[in-house]
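The structure comes first, then the notes.

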Amino acid sequence: MDPIKGLPPGPRMPRALQTAIWSRQAQWFLEQSRARFGRMFTVKIAYEGDWVLLSDPELVKQVFTGDPRVFHAGEGNQILRPILGENSVLVLDEKKHIAQRKLLLPPFHGERMQAYGEQMADIAAREIESWPTGVPYKLRPRMQAITLEIVLETVFGVHGGERMGPLREALRDFLDLTTDPKVLLPVLAVGPDRINRIPAFRRRTERVDRLIGQEMAERRAAEDLAEREDVLSMLLLARHEDGSPMSDAEIRDELLTLLVAGHETTATALSWAMERLTRHPEKLERLRAEVEAGEEEYLTATIQETLRLRPVIVVVLRKLTEPVELGGYELPAGASVAPCIHLIHRDPEIYPEPHSFRPERFLDNPPGTYTWIPFGGGVRRCLGAAFAQFEMAVVLRELVRRREVKPASPASERPFRRAITETPRHDAEVILN
Ligand code: HEM
């Protein structure tokens, strides 16, 4: 059969209304649309164009294994370019993207994570021991404090010393830029190319640039550079295919990309893990017992189940540079295809009782490449996936071993959209003992 030219059907509400619902009630919107239109439907989002949502693993596979020249991910992230810079792996496509990705991959190799274990555990333990007892306490901001500290030590390689405080402050301020509507709306309004000419915007990125510049200069001259394990040191020694080193601008852009991509996402996933576990005390108890016994399986399954049931990001996007045949349609260039993490993860044919939190489901069934996609897939799959899961395991291990945790209220927390992540509405509020 000839493919149908054009976009599959979808909700007929005006674009502005679809955008509003998308930003406040994404899950509901996706589920309603899937029930009505099936495994492929089109939604219309302001500034973003048309998204063809996909919730069939076979279609998702076709996108993730598709030609990177046709399926552009960087193009959809242009709003981040003035903030992260033009070398950021997130905003590039095709050859330039692969070149940066290759430079970044070695420090994020699965086995290398072990080197960070002790530092991560010390940071987590210090923070967790400082939390108050017996009063309602929001975990999400504290998880952010832990993940920021971990980035400072493992990515930037800054451990104590006089630069730690100012760098921490500057990075926090920088992170606000990426979630502040007062910043993002002007970027959308004037376009990513002109925003850098606005002095108020420049001032906010200059401080962080200066501090990172100082750190790079000092590190380059450090005698132990070759032995250091942190990502910055490894990038200083990394070489392009032609043998040339990375420029300061490239390293700056990638360090900030890793910070932005890895900090809030991991903190949010950790918050969800505790939100879900505290609503299932028998599972929390099993986790504690297994962790005490030095076993890893249930911990790993708990992390996989958390990321299945509460994925931090609900869709990933690829913008088409030319017409593409997919699922019986010939989709036009300029549209985006969007493998839908949320819908794939809630499909009862893939996951029986999809709404239940059951880490056990992963104990004998490892997650599938196209059915468990919290980190996206293909050549754009999250670079920090191994890092994030390792970090989650370290932090959860320290937490369940050290503290008793109960929910502050028995009701489950609903998802709430913060910039692009879906966070627990009450910031994973718990009572610790
Ligand atoms: C639980 C935590 C995390 C989640 C849920 C997450 C999720 C994602 C997702 C969905 C993507 C897009 C993938 C795609 O388009 O197919 C992505 C990309 C990316 N993530 Fe993560 N991420 C997490 C943690 C991290 C960490 C810790 C780092 C680094 C330290 C990181 C670095 C990146 C980078 C650099 C990209 C862009 C890759 C590329 O375009 O080639 N992420 N992440």
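A26, Q27, F29, L30 and S33 of α2 are buried, meaning under 20% relative accessible area with a 1.4 Å probe and protein chains only. Seen down the axis of α2, these buried residues fall within an arc of 165 degrees, so they line one face of the helix. The arc is taken from the directions from the helix axis to the C-beta atoms.

The model is predicted: local features need pLDDT of at least 70, side-chain atom pairs count only at pLDDT 80 or more, and totals for chains, interfaces and linings use all residues. Residues are numbered from 1 along each chain as its sequence is written, and side-chain values use heavy atoms, without hydrogens and water.

**Helix α2**
- The helix covers residues 26-37, as a DSSP run (H or I, at least four residues; strands are E, at least two) numbered from the N terminus.
- A35 and R36 sit on the other side of α2 and are exposed, that is, over 50%.
- The buried residues of α2 pack against α1, β2, β3, α15, β11 and β12, with contact meaning heavy atoms within 4.5 Å.
- G38 follows α2 and has a positive phi, near 90 degrees.

**Helices α8 and α12**
- α8 (residues 164-179) and α12 (residues 248-278) pack at an angle of about 70 degrees, their axes 11 Å apart.
- That makes α8 roughly perpendicular to α12, a label for angles of 65 to 115 degrees.
- On α8, the contact is made by L171, F174, L175, T178 and T179.
- On α12, R252, L256, L259, V260, H263 and E264 take part.

Technical notes:
The expected span of a helix is 1.5 Å times one less than its number of residues. Axes are lines fitted to C-alpha atoms, for helices over the stretch in contact, and angles run from 0 to 180 degrees between N-to-C directions. Angles under 35 degrees count as roughly parallel, over 145 as roughly antiparallel, 65 to 115 as roughly perpendicular and the rest as oblique.
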